[in-house]
Amino acid sequence: CVIIISKNYDRISLDGNLLRVSAGCLLSKASKFSFENSLTGMEEVSGIPGSLGGAVAMNAGAYGVEMKDIIKSVRLVSKTGEILEVSNEDMDFSYRHSKVFDDDLVVSEAIFELKKDDKEKIYEKYEDFTNRRVTKQPLDKKSAGSTFKRPVGSYASKLIDECGLKGYRKGDCQVSEKHCGFLINNGNASYEEMINFIEEVASIVFEKTGFKLEREVKVIGEK
């Protein structure tokens, strides 16, 4: 059972420099709300696709900033309905990981602790990061974002490129020519075809380099 909460659970409120955001809110929407209120801290993560809840659970990050760097606390719900107020320190944030996965919890909302700054400077910074994304990532193509986690000692995109897989295609599944870390769907590739393609790319990289690529993309259900 999949419950989509984005359309009716996307509230944002502000108390000084504390931004309270419901889990269904798009991270981009929350970021722009903070900019409009002259708050800095979310410029780097503003272009990460998806909801606040997913970003918190994964400790999503970009350009050196992760959720753990700007979150004050998180409200979580257990499978038994217990509501938990958890501090940043107790969220067990690490690379693309948090307490959410360890304890099978659901993110309800988060409070971001941001800083006041000049609105014009904030938007200049935001536009710079937006431009970097547009020029370096295949945002015009269907994808689930960055496909693999960063392996210790290297980068997934670098390894895939070194294996000669840039632009590698099977049907409508393809390694992006713009950024090898993105595996894109050129039109009608099925779920199963994309999963098999991801596994094939990881297998080739392991065979040629010895690095084992782990998916950053979460797979819900069974293949």
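Author: For the charges, Lys and Arg count as positive and Asp and Glu as negative, while His and the chain ends are not counted. On that basis, in this predicted model, the 33 positive and 36 negative charges of the protein chain have mean positions 2 Å apart.

Now the backbone. Most residues other than glycine have a negative phi. Asn59 has a positive phi, near 50°, and is not a glycine. Asn59 sits in the loop that runs between helix 2 (52–58) and strand 4 (61–62). Buried means under 20% relative accessible area; Asn59 has 0%, so Asn59 is buried.

Asp92 is another non-glycine residue with a positive phi, about 55°. Asp92 belongs to the loop between strand 7 (83–87) and helix 3 (99–102). The relative accessibility of Asp92 is 42%, so this residue counts as partly exposed.

As for the setting, the protein chain holds 6 helices and 12 strands. Its radius of gyration is 18 Å, close to the 17 Å that the globule rule gives for 223 residues, so the chain is as compact as a globular protein of that length. The C-alpha trace spans about 50 × 45 × 35 Å along its principal axes. Of the 223 residues, 43% are buried. Among contacts between residues at least 6 apart in sequence, 61% join residues at least 24 apart. The protein chain exposes about 12,400 Å², and carbon and sulfur atoms supply 49% of that area.

Key:
Residues are numbered from 1 along each chain as its sequence is written. This is a predicted model: local features need pLDDT of at least 70, side-chain atom pairs count only at pLDDT 80 or more; totals for chains, interfaces and linings use all residues. Side-chain values use heavy atoms; hydrogens and water are left out. Helices (H or I, at least four residues) and strands (E, at least two) are DSSP runs, numbered from the N terminus. Buried means under 20% relative accessible area, exposed over 50%, partly exposed in between (1.4 Å probe, protein chains only). The radius of gyration is taken over C-alpha atoms; the globule rule is 2.2 Å times the number of residues to the power 0.38. Contact means heavy atoms within 4.5 Å. Accessible areas come from the Shrake-Rupley method with a 1.4 Å probe; for residues, only the protein chains shown count as cover. The place of a charge is taken as NZ of Lys, CZ of Arg, CG of Asp or CD of Glu.
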